[in-house]
Amino acid sequence: MWARRVQGVFKNVGKTGSTRTATSLVPGEPSGPNIKTEVPGPRTKKLVADINAINQSGSVQLFVNYDKSIGNYLVDVDDNVFLDSFTQISSIPIGYNHPELLTVFNEDHRIRALINRPALGVYPSEEWPQKLKDVLLSVSPGLPQVMTMMCGSCSNENAYKALFMSYRAKERGENVDFSELEKTTCMINKEPGCPRLSLLSFHGAFHGRTMGTLATTHSKAVHKLDVPSLDWPIAHFPSYKYPLEENIKENQAEDQKCLAEVEDLFEQYKKKGVPVAGIVVEPIQSEGGDNEASPEFFQGLQKIAKKNSAGLLIDEVQTGCGPTGKMWCHEHFNLETPPDIVTFSKKMITGGYFHNMDMRPKQPYRIFNTWMGDPGKLFLLEAVLKVIKQQNLLVQVVKTGDKLKSGLLSIEKENPALLNSTRGRGTFLAINAVNTKTRDNILEKLKSKGVIVGGCGDHAIRLRPSLTFQEHHADILLDKFAQVIKEVK
Ligand code: PSZ
């Protein structure tokens with residue numbers, strides 16, 4: 001089965017470009033992009049019309065051939081080959097059709113785990129506890145507990161509940177049970193069963209689109225319009241001047257201003273009778289424009305949370321699993337203790353969250369749903385983590401990231417009227433265009449030259465390649481980027 005699956009991929013890739021197995025971490029990759037039609041091509045256009053008749057599909061950019069796509073190359077239904085540095089919104093850890101992943105389900109036992117999908121909270125299989133330890137806890141950022149979930153939004157959604165439950169448990173004190181009044185009032189969404197508590201989030205944040213997480217998402221109006229939401233505190237996330245090394249004082253002052261606002265909001269909401277039970281924050285604000293903040297800022301946030309008996313949730317859905325050069329981005333911050341909760345999804349294949357003992361509800365069924373994750377995803381993640389280790393991919397990320405960042409910086413320096421603020425860690429990088437129109441134009445032109453790059457915020461261009469994106473991929477990307485900038489000038 002292994003040979004058949006991989007051969008199929010090799011054969012198809014051979015048709016779309018010459019293979020370059022010598023230097024690529026994923027065998028069978030083409031040597032570069034190869035665009036044969038206008039982008040989007042006629043087959044994508046036809047399929048977009050088909051699907052749009054069934055549901056609102058205005059967001060679809062390309063229909064993809066997932067049999068032909070390989071490594072860092074995405075092949076569309078018009079046989080165009082793109083160097084993909086956006087990877088399904090940052091969610092392909094080691095490239096398309098990696099041979100280690102193609103063989104994961106060769107064993108009947110694993111197929112059975114897929115077919116007989118358990119309600120994990122009630123009927124897990126014998127191997128599940130060991131899998132959680134061997135796979136997930138092996139990469140935990142110092143937190144002893146883990147829950148699996150379906151996606152990033154539901155990981156955050158459930159983690160928010162854990163923050164509230166833990167806050168109330170602390171208020172009630174040890175061994176105090178729920179009162180009868182709490183039990184009856186919670187059934188009609190009233191106090192004290194449903195207490196007036198809040199979570200503090202940041203302008204520009206993205207934590208998901210479900211009802212609870214949407215209250216903490218503030219990146220684009222279109223996500224939120226028409227949906228009732230909660231009056232919870234929203235603080236400003238630092239907005240830095242670049243280059244960082246030339247603006248140290250200003251940026252330190254920015255950190256202090258934002259931290260003071262956080263403290264102030266804690267006070268305001270306490271006075272309003274809606275105390276803050278937790279802080280929810282991305283280590284790099286992604287959808288909101290790739291806004292980064294200093295280790296000192298995050299250390300300050302943790303101090304404020306602790307002082308107020310609130311939890312600190314770091315949302316690593318987009319930053320987790322290596323793209324910043326460390327497994328977890330917050331490991332760059334030298335926090336005095338791990339955060340109370342770290343949520344993950346995307347490159348981690350399964351959603352979920354790590355947490356400390358405080359965030360563990362005393363009663364069962366309080367954080368629960370039917371599937372609560374999927375054993376099949378853990379088999380895939382196990383293979384991904386093995387490849388990361390064997391191929392030393394976090395070191396690769398740093399090498400590729402250095403090359404990409406210095407390349408972007410030199411293009412920025414040559415084009416100060418068009419580009420600014422190159423930033424980021426590892427390959428989790430971004431650069432700003434002067435305005436939205438120019439940014440969108442750059443992204444379109446890159447795509448038509450066979451390079452997929454993301455946008456975020458009002459005018460940021462962001463890179464989200466897989467962990468197998470190497471220096472030779474960086475060369476191609478930078479070359480096409482420089483060409484496009486010349487055309488846009
Ligand atoms: O428009 C969207 O719905 C998008 S575009 C990118 C995302 C969502 N990212 C998902 C995401 C995230 O980046 C962070 C930091 N937290 C939570 C989420 C939600 O994850 P999903 O999409 O899996 O529910």
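The points below take the pockets and then the nonpolar cores.

The model is predicted. Its largest pocket holds about 1,500 Å³ of space, while about 830 Å³ lies in the second largest pocket. The largest nonpolar core has 48 residues, and a second, separate core has 30 residues.

**Largest pocket**

- The lining of the largest pocket is made up of 47 residues, and those closest to the centre of the pocket are Q61, F86, Q88, I89 and R462.
- Two or more lining residues come from each of the helices α3 (87-90), α7 (152-172) and α15 (436-448), and likewise from each of the strands β14 (451-452) and β15 (454-456).
- Among the contributors, α15 has the largest share of this lining, with five residues.
- By class, the lining of the largest pocket comprises 17 nonpolar, 18 polar and twelve charged residues.
- Both domain 1 (2-100 + 392-488) and domain 2 (118-373) take part in the lining of the largest pocket, each with at least three residues.

**Second largest pocket**

- The second largest pocket has 24 lining residues, and F164, G193, C194, P195 and L197 are the ones nearest its centre.
- At least two residues of this lining are supplied by α7 and at least two by α8 (180-186), with α7 giving the most, namely seven residues.
- The lining of the second largest pocket divides into twelve nonpolar, three polar and nine charged residues.

**Nonpolar cores**

- Within the largest nonpolar core, the residues that touch the most other members are L136, I341, M348, Y353 and F354.
- Helices that give two or more residues to this core are α6 (128-136), α7, α13 (375-390) and α14 (393-414), and the strands that do so are β3 (145-149), β6 (276-281), β10 (341-344) and β11 (351-355).
- The largest share of this core comes from α7, which gives eight residues.
- Domain 1 (2-100 + 392-488) and domain 2 (118-373) each provide at least three residues of this core.
- When its neighbours within four places in sequence are left aside, M348 is in contact with L136, V139, C321, M327, W328 and L381.
- The second, separate core includes F297, F298, L301 and L335 among its 30 residues.

Methods:
Residues numbered from 1 in each chain as written. Predicted model: local features only at pLDDT ≥ 70, side-chain atom pairs only at ≥ 80, totals over all residues. Heavy atoms only, no water. 1 Å grid on protein atoms, 1.4 Å probe; cavity = no way out; pocket = protein on both sides within 12 Å on 5 of 7 lines; lining within 4 Å. Points joined across faces, edges and corners; volume = space filled by probe spheres on them. Helix = DSSP H or I, 4+ residues; strand = E, 2+ residues; numbered from the N terminus. Nonpolar A, V, L, I, M, F, W, Y, C, P; charged D, E, K, R; others polar. Domains from an automatic or database assignment. Core = buried A, V, L, I, M, F, W, Y, C linked by side-chain atoms within 4.5 Å. Buried < 20%, exposed > 50% of the residue type's maximum accessible area, 1.4 Å probe, protein only. Contact = heavy atoms within 4.5 Å.
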